[in-house]
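Please look over the model shown here before reading my points. Comments are kept brief.

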Amino acid sequence: MQHHVVLRIVCKLLIPLILLFALYVQFHGDYGPGGGFQAGVIFGAGFILYGIVFGLRSVQTVAPPPVVVMVSCAGVLLYALVGVAGPMMGGNYLDYSVLLDDPVAGQHLGIILIELGVGLTVASTMTALFYAFAERR
Amino acid sequence: MVHFNYWVVIVLIMTGLYVVMAQTNLVKKVLGLNIFQVAVFILYISVGKLAGGTAPILAAGFDRYANPLPHVLILTAIVVGVATTALALALVIRIDKAYGTIDEMEIEELDKEQE
Amino acid sequence: MSGSVAADLLAQLAAIQVILPLLAAPVCVLTGRGGRAWAVALVVSWCAFLTAWGLLSQVLDQGVIRYELGGWAAPWGIEYRIDEINSFVLLIVSGVSSLALIFARTSVAREVPEEKRSLFYCAWMLCLTGLLGITITGDAFNVFVFLEISSLSTYVLVSLGSHRRALVSAFRYLVLGTVGATFILIGVGLLYAMTGTLNMVDLAERIPPVSQTRTVYAAFAFLAVGIGLKMALFPFHAWLPGAYAEAPSAVTAFIAGASTKVAVYVLLRFYFTVFGASFAFGELRFELFLMPLALICILIMSLIAVYQNDIKRTLAYSSLAQIGYMVLGISLVSVAGLTGGIVHLFNHALMKSALFMSLGCVFYRVGSISLASLEGLGRRMPWTLGAFVVGALSLVGVPMTVGFVSKWYLIFAAIDRGWWPLAVFVVLTSLIALAYVWRVVEVAYFRTAREGSAQAEAVEAPVLMLVPLWMLVAASVYFGLDTSLTVGVAERAAETLLGSGR
């Protein structure tokens, strides 16, 4: 591990910024360019970069494969259940306006939760894909 | 050359389809498939471009906005493309494990031998 | 109070139809065990079947149901639009899935390793979501998205077959399936470029003013090839025999009954509703493209089926021929012809799923399904092979089975247009079907197994596999005698499809 000192230092500096940028894209997505897909990919890229530079084992101690699979399921469930909340509260499926008393606030809440679900699933799926290809011997 | 974008798309589509058909190496087939798909993405996105139009974000001084819908559609299609590529590569890896080769001709011969 | 809850539930049926299987997919993974995942999938699939039943009866009572997702009004938002034809297809898809899932329990326990089973049922649920979604949606781009959901999960399901050839078949299916879906994407994109809308009803209104442009012609052609690839119409059929033959038995029973049917539905939807019958058939003479392909498809595929050694492949080629019959019915462009085609969707799903299930039973006991491995099984596995014989008779089109009903309507439609040779052709190709199923019957009933071979030791298949098999067989006899439901719905659907273009 004495090699690639430059790479490792630069990655250590970059990875927190990448994750932070992913969070910015994620939570800015309700009224600006961005959203769950993009944020998820950026977030996943942070993990993948860590895995490439520091080894599969290190990244898997941070994000164990079973947890990654569970997170991706949780994301889909979050998405679908937020959708189901619409009919529960008297609207149609995926109708966010009924989530809160104020329709505009309801739309904000709905899209943030939906994008969170998308982001979780995309980030964990990207990481899981990396594991699937990197674990091969 | 008003419609040069269509020519680009047609050339790319043909390149992609040719690679899919002509190559026997499975990884190259996946590559061809990707070129083919990306060509279609370009078709959508170039159709959505409006000369002199800007991104559809309300701002002072702009009154021509490009239609954002084709881009959103293609975002979905790109995600589908990524999923397809990942699945295809995973299959290629499994095929490599099972047959010891990723060349279509050799795989066919191995299957024939077994029968 | 309970009355209003029931009314609320009824109003949400269209959403429930797709959301339930979608929700079940991650739940299947989270359960972690094959058995529990199976239970979740089974319950959800039957709920989807009941939902489809509810939708169909609602449509028959009150006409078209429209459901706006997210409360966004069509044509801006995505709309689910359910009329006779797609509620009928929803019923077919969810029904086949439910029965195949009962069958899957024991069959999958043998063919798929335990650690993959929960993921297997997850893929199954996603495939069901996709197929139901394609059928229910009224948005052209949404069709593409659901098509890819169902296709990607089908590739996974096929690749889980027990032989390594399954991987190659899945890969081949993936390449051709992706090319087909992308062609559909191009077609939809060109239509969007011309009309600025993706809603099917809205498209149908906006296409006529621009229908004489090259862009619309190109979209027409791209969609024809893309959908042709998805429904494995000759000459786009290369992926199907491998995929059906190598997939796990339960998966074959499911996709043979459901997935190509949905593709045929997409063909009907695009060419009758979106382009309109008068433009697609009156002006562009689309039937002149479909009919020759259908005829070649029926003849060549039936002949190839006779020469197959692997019975699953025989049935796969026979499936291709049956798709030819459906397309033949469509290409007659009359109420009788369309009725025949649509009824055959239903009937073929029943009989082909039953046939593949009985082969699944054989595979479960004997471990192979070449012709030789069936020797003497008629006596050792009477229920399994009995079901095969009934299914085979139906495939040939013997009276009192469903196969007869659809052939009857096809022949009737051909004579109605004065095309006698076509009627004779349908009868003659049915005789080829007799040839390829007779080989199986002969080997199973009139030959005895060699001493010490697996088939000489075979006993009857487990009850859990026989129950869904015989439910399908019973249905294929029942609907052969009482056609009021199937033909009634198909006739109304045919009238709607032909009417919507005028």
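1. Conventions. This is a predicted model, in which local features need pLDDT of at least 70, side-chain atom pairs count only at pLDDT 80 or more, and totals for chains, interfaces and linings use all residues. Residues are numbered from 1 along each chain as its sequence is written, while chains are lettered from A and ligands numbered from 1 in the order in which they are written.

2. Overall size of chain C. A compact globule of 502 residues would have a radius of gyration near 23 Å; chain C has 22 Å, which agrees. The radius is taken over C-alpha atoms, and the rule is 2.2 Å times the number of residues to the power 0.38. The C-alpha trace spans about 75 × 60 × 45 Å along its principal axes.

3. Make-up of chain C. There are 22 helices and two strands. These are DSSP runs: H or I of at least four residues for helices, E of at least two for strands, numbered from the N terminus. Of the 502 residues, 65% count as buried, meaning 20 or more other C-beta atoms, placed from the backbone, within 10 Å of the residue's own.

4. Helix α14 of chain C. Residues 311-331 form this helix; its 21 residues should span 30 Å at 1.5 Å a residue, and its end C-alpha atoms are 30 Å apart, which agrees. The expected span is 1.5 Å times one less than the number of residues. In α14(C), 21 of its 21 residues are buried. Just after α14(C), C:Val333 takes a positive phi of about 45°.

5. Contact of chains A and B. Chain A gives four residues and chain B five. Contact means C-beta atoms, placed from the backbone, within 7 Å.

Note on methods: Contact = placed C-beta atoms within 7 Å. Buried ≥ 20, exposed ≤ 12 C-beta atoms within 10 Å, placed from the backbone.
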